[in-house]
Amino acid sequence: MSTGSREPSLEENALALLALKSSPRPQSTSSSNENGTIDRKWSRSDVEHPLPPLARLEGREFDYFMRKRTITIGRNSNSGDVDVNMGRSSFVSRCHLEIEYDGGEFYLKCRGRNGVFVDGAFRTTKSDPVRLAKSCSIRFPSTQLRFSFTALVDEANPPSESDYDVAKRRNGSISPSPD
């Protein structure tokens, strides 16, 4: 039974894929959402939120402002969402790492089976939580996934941690744009 149409050739499929990858991405019409995610075309001052951010995580496809004491970073799954979704790589665990603000300091705890690099030092699930420097780089092994962490807390005048406990219950999560 013939429908009168033919299957595209391998070359036609390849050209269609290349055209799709090189097409411009649609521009977002929103500058920010309630959890602090912003498009690259907007500056941090454009984001309105009742709490100042504790820290900023900046990846190739996202900016995330940490507005609660503990955040999870990994990949979303049917069993739950993370605060910062690093995509669908099998090298990234569902809950790969946590960053916590405690006593004026930031700590990273690796929860992923493949570990994580913090400023080039490899951390595993067996490692103690590491205190993060004011600015550092975090990379997932066997991938090109990385982001920078920058503490935004004024050390001379740290915020009340109880304010951020309330924010923990209100904030949602973000995902980087798909490639």
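**Close-up views of a predicted model**

**View 1. Strand 3 and strand 5 in the predicted model.** Strand 3, made up of residues 70-74, and strand 5, made up of residues 95-102, run antiparallel and are joined by five bridges. The model in which this pairing is seen is a predicted one. Within the pairing, I73 stands opposite L97, a residue of strand 5.

**View 2. The hairpin of strand 5 and strand 6.** Strand 5 also pairs with strand 6, which covers residues 105-110, and here six bridges link the strands in the antiparallel sense. E100 has Y107 of strand 6 as its bridge partner. The two strands form a hairpin with two residues between them, and G103, which lies in the turn, has a positive phi of about 60 degrees.

**View 3. The surroundings of F147.** F147 belongs to strand 11, which comprises residues 146-151. Because its relative accessibility is 2%, and buried means under 20%, F147 counts as buried. Leaving aside residues up to four places away in sequence, F147 touches L57, E58, G59, F62, I73, M86, C136, S137, I138 and F140. One of these, I73, is also the residue that stands opposite L97 in strand 5, while another, E58, is 89 residues from F147 along the chain, with 5.3 Å separating the C-alpha atoms of the two.

**View 4. The protein chain as a whole, as context for the close-ups.** The secondary structure consists of two helices and 11 strands, and along the sequence these elements follow the pattern α-β-β-β-β-β-β-β-β-β-β-β-α. The protein chain has 179 residues, of which 35% count as buried, and its accessible surface comes to about 11,200 Å², with 48% of that surface belonging to carbon and sulfur atoms. Among contacts between residues at least 6 apart in sequence, 46% join residues at least 24 apart.

View 5. For the protein chain the mean pLDDT is 76, and 63% of the residues reach 70 or more. Over residues 20-46, however, pLDDT stays under 50, although the model has 46 contacts beyond four places in sequence for this stretch. Residues 166-179 likewise have pLDDT below 50, and this stretch has 39 contacts in the model beyond near neighbours in sequence. Where pLDDT is low, the predicted coordinates should not be read in detail.

Methods:
Residues numbered from 1 in each chain as written. Predicted model: local features only at pLDDT ≥ 70, side-chain atom pairs only at ≥ 80, totals over all residues. Heavy atoms only, no water. Pairing = 2+ DSSP bridges. Helix = DSSP H or I, 4+ residues; strand = E, 2+ residues; numbered from the N terminus. Buried < 20%, exposed > 50% of the residue type's maximum accessible area, 1.4 Å probe, protein only. Contact = heavy atoms within 4.5 Å. Areas by Shrake-Rupley, 256 points an atom, 1.4 Å probe, with all protein chains shown as cover. pLDDT = per-residue confidence, 0-100.
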